[in-house]
Amino acid sequence: MVPSARPRKLAKVPFVELADGRLQGVVSSGSDIGRVYVSSVEAGSYAFACSTNNNRPCGGARGWFCNHIRALIGEAVLQYGAERVARYLKIEDAAEESDAQSLTGAMTATRPAQSDSSAAAQVFSRFLRHLAYLELGPTTAPLPEMQWFPTTRAVA
């Protein structure tokens with residue numbers, strides 16, 4: 001696990017990851033505490049999607065990045081660093097001293113298209129699994145779902 005570049009605000013963006021060729025994560029709603037949005041930006045094309053966890057489309061993602069996607073990019077820069085996010089998303093115009101705003105500007109300059117939100121269910125499921133691990137108490141006992149990891153002991 002790579003340590004965060006700087007501390008993040010987990011209340012606004014509790015889950016962010018660079019996976020499956022996308023920057024993706026879960027962003028809290030600014031108006032309703034019980035609602036979250038699953039947002040993503042594809043590497044290379046910058047095609048984006050934003051919808052609620054119930055698959056309702058975000059009202060702000062109409063041809064441009066909505067505030068949820070902008071918050072996701074900002075938190076990704078905090079967690080992974082601007083250089084790593086730019087490299088993963090294949091942003092060629094990113095300067096060495098980039099920040100979230102300049103990365104967002106470089107992507108929106110290409111006029112990205114809105115994509116379908118078919119990956120939202122998988123991202124939200126990983127977020128829920130992530131939350132379940134956070135609720136576990138500290139223990140050295142093995143977790144059954146993690147037993148597929150190879151052991152360092154030789155089996156006789």
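Tutor: Let us begin with a term: contact means heavy atoms within 4.5 Å. Helices (H or I, at least four residues) and strands (E, at least two) are DSSP runs, numbered from the N terminus. This is a predicted model, in which local features need pLDDT of at least 70 and side-chain atom pairs count only at pLDDT 80 or more, while totals for chains, interfaces and linings use all residues. Residues are numbered from 1 along each chain as its sequence is written, and side-chain values use heavy atoms, with hydrogens and water left out.

Student: How many helices and strands are there in the protein?

Tutor: The protein has four helices and four strands. From the N terminus on, their order is β-β-β-β-α-α-α-α.

Student: What is the order of the strands in the sheet?

Tutor: In general, strands of a sheet pair through backbone hydrogen bonds, either parallel or antiparallel. Two strands pair if DSSP finds at least two bridges between them. Here the four strands form an open sheet in the order β1-β2-β3-β4, with antiparallel pairing. At its edges stand β1 (15-19) and β4 (48-52), each pairing on one side only. Five bridges join β1 to the antiparallel strand β2 (residues 22-28), and F15 stands opposite V26 in β2.

Student: Which strands does helix α1 lie across?

Tutor: Axes are lines fitted to C-alpha atoms, for helices over the stretch in contact, and angles run from 0 to 180 degrees between N-to-C directions. Helix α1 (residues 67-80) lies across β1, β2, β3 (36-42) and β4, and runs at about 110° to β2.

Student: At what angle do α1 and helix α3 pack?

Tutor: Two packed helices are described by the angle between their axes and the distance between the axes. For α1 and α3 (residues 100-108), the angle is about 130° and the axes are 9 Å apart. α1 is therefore oblique to α3; angles under 35 degrees count as roughly parallel, over 145 as roughly antiparallel, 65 to 115 as roughly perpendicular and the rest as oblique. In this packing, R70, I73, G74 and V77 of α1 meet A100, L103, T104 and M107 of α3.

Student: Is T104 buried or exposed?

Tutor: Buried means under 20% relative accessible area, exposed over 50%, and partly exposed in between (1.4 Å probe, protein chains only). T104 is located in helix α3. With a relative accessible area of 5%, T104 is buried. Leaving aside its neighbours within four places in sequence, T104 is in contact with F65, R70 and I73. Of the 156 residues of the protein, 41% count as buried.
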